[in-house]
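Good morning. Please look at the model on the screen while I go through it.

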Amino acid sequence: MQYVAAKTADEAVALLAGHSGMARVLAGGTDLLVQLKSGMVEPDLVVDIKRIPGMRDITPEAGGFRVGAAVSGAELGEHAGVCAMWPGVVEGFNLIGSTQVQGRATMAGNLCNASPAGDAVPSLVAAGATVRVQGPNGTRDVPILEIPAGPGRTTLAKGEIVTSIFLPGRPDRASDAYLRFIPRTEMDIAVASAGVSLVLGSDGTVESARVALGAVAPTILLAEEAAKVITGTRLDDETLARMATACEAICKPIDDKRGTVEFRTRTAGVLAKRAARIAYDRAGAKA
Amino acid sequence: MKTIQVSTTINGDPVEFICTPDETLLDVLRNRLSLTGAKEGCGTGDCGACSVTVNGRLVCSCLVLGAEAQDAEISTIEGMADGDTLHPLQRAFIEHAALQCGICTPGILVAAKALLEKNPDPTEEELRYWLAGNLCRCTGYDKIIRAVQVAAAEMRGA
């Protein structure tokens, strides 16, 4: 195995595009090193992107924030601006692993590891975040939802790397939240999860909403019908019940020792309701 | 496998070492630099026995490549005492019997020190969540939590 700490994104792309064997990008390494050790992957090239300028920066842009691909959970959690605007994105990402894992893990890595249970991804989908991808044919911006292709697979082409994730700006009367179910209180993989982002109108009703579900399908799901159900409402109990039903309708989870199909489906709906309520209260408190 | 030459700083001292590209920082510390305080428990970032700080961030050294240490500032348990004078956390662990077999202890001390530098007066809940990535199979944790609280109080008073 060869290790290269790329100095520029162009260098990283050229190395990855020009390599004939298996190559892997190293950001936080909290998935990659575990996979290396278990023999799950045996790359002959590892390209470390942490020394590329900008990869560790959080930069205000167009009223929102551009988060470099190598920004760790600990760094994002200490950023007051991102925490105020996108608390659900931060709380989802910060749920991953231990303090030690948070010192290294990245949102871009969680996205590209492409686990359907990745805790950073549902909130990013709900946020309408976009991913900046650099490759041999230049740079493109892609909606988060289009990156995962299935468990462990992404739509990134050979030589392409994620360089940053963009969290858009939003009005004051807006917030988000993320909840997951795990059998213990800390350091576990989501059995089901939900991220909800809401913008409230001046009358206190939901003006627009995005709802995303995790761990209930091969990729993170955007629950469009559930978002439609809560739009124009104040999240009364009857509306939330219909929202949960809309979430349940699109779940296609696996059945395993961590949760049955029925349990995951039901739980995803319940978590979506509760996350919506938290996001609503947060948005209201800011108004 | 081609080896890599790495220049880094460990516990304030400049250090140079050679490692293979797939060698972890934990293996470098233990096998090449004889810094055997960090332990390998799980090797997959679950147990925290290999905890060190890299550029001030608490990490599992089993999930860091040795090559990544280039130009970094690393702190390990070996840098915690000031000569023969133990750190307040180390003293509190001894005085309050916060260890039995001792395998998890270096990692927990490094992790607790990182917390108290960030938050000198953590609540018990904050403390327990911060240390959730440090597994101990002997103590049942309560004595560890008490010892960190005692040390924290002493350090705040100092």
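Two residues are in contact here if their C-beta atoms, placed from the backbone, lie within 7 Å. By that rule, the contact of the two chains takes 22 residues from chain A and 25 residues from chain B. On the side of chain A that touches chain B, strand E1 (2–5), helix H2 (32–38), strand E3 (45–48) and helix H6 (99–102) of chain A each supply at least two residues. The largest share of that side, 4 residues, comes from H2(A). Helices (H or I, at least four residues) and strands (E, at least two) are DSSP runs, numbered from the N terminus. By class, the side of chain A that touches chain B has 9 nonpolar, 9 polar and 4 charged residues. Ala, Val, Leu, Ile, Met, Phe, Trp, Tyr, Cys and Pro count as nonpolar, Asp, Glu, Lys and Arg as charged, and the others, Gly among them, as polar.

A word on the source. This is a predicted model: local features need pLDDT of at least 70, side-chain atom pairs count only at pLDDT 80 or more, and totals for chains, interfaces and linings use all residues. Residues are numbered from 1 along each chain as its sequence is written, and chains are lettered from A and ligands numbered from 1 in the order in which they are written.

Now the helices. At what angle do H10 and H11 of chain A pack? Helix H10 (residues 237–250) of chain A meets helix H11 (residues 261–286) of chain A at about 135°, and their axes are 8 Å apart. Axes are lines fitted to C-alpha atoms, for helices over the stretch in contact, and angles run from 0 to 180 degrees between N-to-C directions. H10(A) and H11(A) are therefore oblique to each other; angles under 35 degrees count as roughly parallel, over 145 as roughly antiparallel, 65 to 115 as roughly perpendicular and the rest as oblique. Residues making this contact include A:Leu240, A:Met243 and A:Cys247 of H10(A) and A:Ala268, A:Ala272 and A:Ala276 of H11(A). The residues of the contact divide into 8 nonpolar, 3 polar and 3 charged.

In chain B, the axes of helix H2 (residues 88–95) and helix H5 (residues 142–157) come within 8 Å and cross at roughly 140°. That makes H2(B) oblique to H5(B). B:Pro88, B:Leu89, B:Ala92 and B:Phe93 of H2(B) are in contact with residues of H5(B), among them B:Ala147, B:Val148 and B:Glu154.

Next, single residues. A residue is buried if 20 or more other C-beta atoms lie within 10 Å of its own, exposed if 12 or fewer, and partly exposed in between. Most residues other than glycine have a negative phi. A:Ala62 has a positive phi, near 50°, and A:Ala215 has one of about 65°. A:Ala215, in the loop between strand E13 (206–214) and strand E14 (221–222) of chain A, is buried, with 29 other C-beta atoms within 10 Å.

Last, A:Ala70 lies in the loop between E5 and helix H3 (73–77) of chain A. A:Ala70 counts as buried, with 27 C-beta neighbours inside 10 Å. The C-alpha atoms of A:Ala70 and A:Met55 are separated by 5.1 Å, and the two residues are 15 residues apart along the chain.
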